[in-house]
Amino acid sequence: MPDGARERPTQADRSRRTRTALLEAAARGLSRYGYGNLVLEQVAKEAGYTRGALYHQFKDKQDLAQAVSEWVLETWDQEVGRFVQQESDPVAALLTLARGHAVFCRRDIARVAIALRLEFSGQDHPVGRSVEEGYEALITHCSGLIEAGREADIIPPGPPARAVALAFVGALEGTVIALAGQVEHDELLAARTAAGVLGLDPLAVTRP
């Protein structure tokens, strides 16, 4: 192959790029307008594709929204979850989660889960169920880390681990929403908020 020559993208490559662009545009739309007000034609336009291209990838709005929910969770796992898994210390894992989530939430796509949970609260809808499953998996994981920290005597005893996990995630979400755009403070304050919920000294948490 001559120097500087590039391999031509395959059909599968082009399809993946199209799908990713549509998912990103739909995630932004869901974050801003919610599921009920999401307009598929506008999603396609923002992504730089036609409505036909969107329907080639997704059969309808519900299919698109569920795909977005799964994609956001996969992206979170890649950008945050894998670093949490690398921590053997439960406290370090929880604080890594808090810091990583704050950084992740600087992106528009991060608010999809919160927006959809609020919109479908109390409803039995496939999109709402998909989001709740992801949320429940996070709560369960945090509960396990809290229990492990208590067994190791590095997290003090207190309310049931699940209750603390719910407070942990809720306080973390509230903090990053309130600090939107304040990238110089969001990561540190998210970690300090998390430490406080766990019963640890927030001031012991410093910038990385």
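Helices α6 and α7 are oblique to each other, a class that takes in the angles left over once those under 35 degrees are called roughly parallel, those over 145 roughly antiparallel and those from 65 to 115 roughly perpendicular. The model is predicted, with local features requiring pLDDT of at least 70 and side-chain atom pairs pLDDT 80 or more, whereas totals for chains, interfaces and linings use all residues. Residues are numbered from 1 along each chain as its sequence is written, and side-chain values rest on heavy atoms, without hydrogens and water.

The axes of α6 (residues 112-119) and α7 (residues 126-151) lie 9 Å apart at an angle of about 125°, where helices are DSSP runs (H or I, at least four residues) and axes are lines fitted to C-alpha atoms over the stretch in contact, with angles from 0 to 180 degrees between N-to-C directions. In the contact (heavy atoms within 4.5 Å), Ala113, Leu116 and Arg117 of α6 meet Val127, Val131, Glu132 and Tyr135 of α7. These residues comprise five nonpolar, no polar and two charged, with Ala, Val, Leu, Ile, Met, Phe, Trp, Tyr, Cys and Pro counted as nonpolar, Asp, Glu, Lys and Arg as charged, and the others, Gly among them, as polar.

One cavity of 30 Å³ or more is present, a cavity being a set of points on a 1 Å grid over the protein atoms alone where a 1.4 Å probe fits but cannot get out, with lining residues having an atom within 4 Å of a point. The lining of the largest cavity consists of Leu97, His101, Leu138, Val169, Leu172 and Glu173, and α8 gives the most to this lining, with three residues.

Methods. Helix = DSSP H or I, 4+ residues; strand = E, 2+ residues; numbered from the N terminus. 1 Å grid on protein atoms, 1.4 Å probe; cavity = no way out; pocket = protein on both sides within 12 Å on 5 of 7 lines; lining within 4 Å. Points joined across faces, edges and corners; volume = space filled by probe spheres on them.
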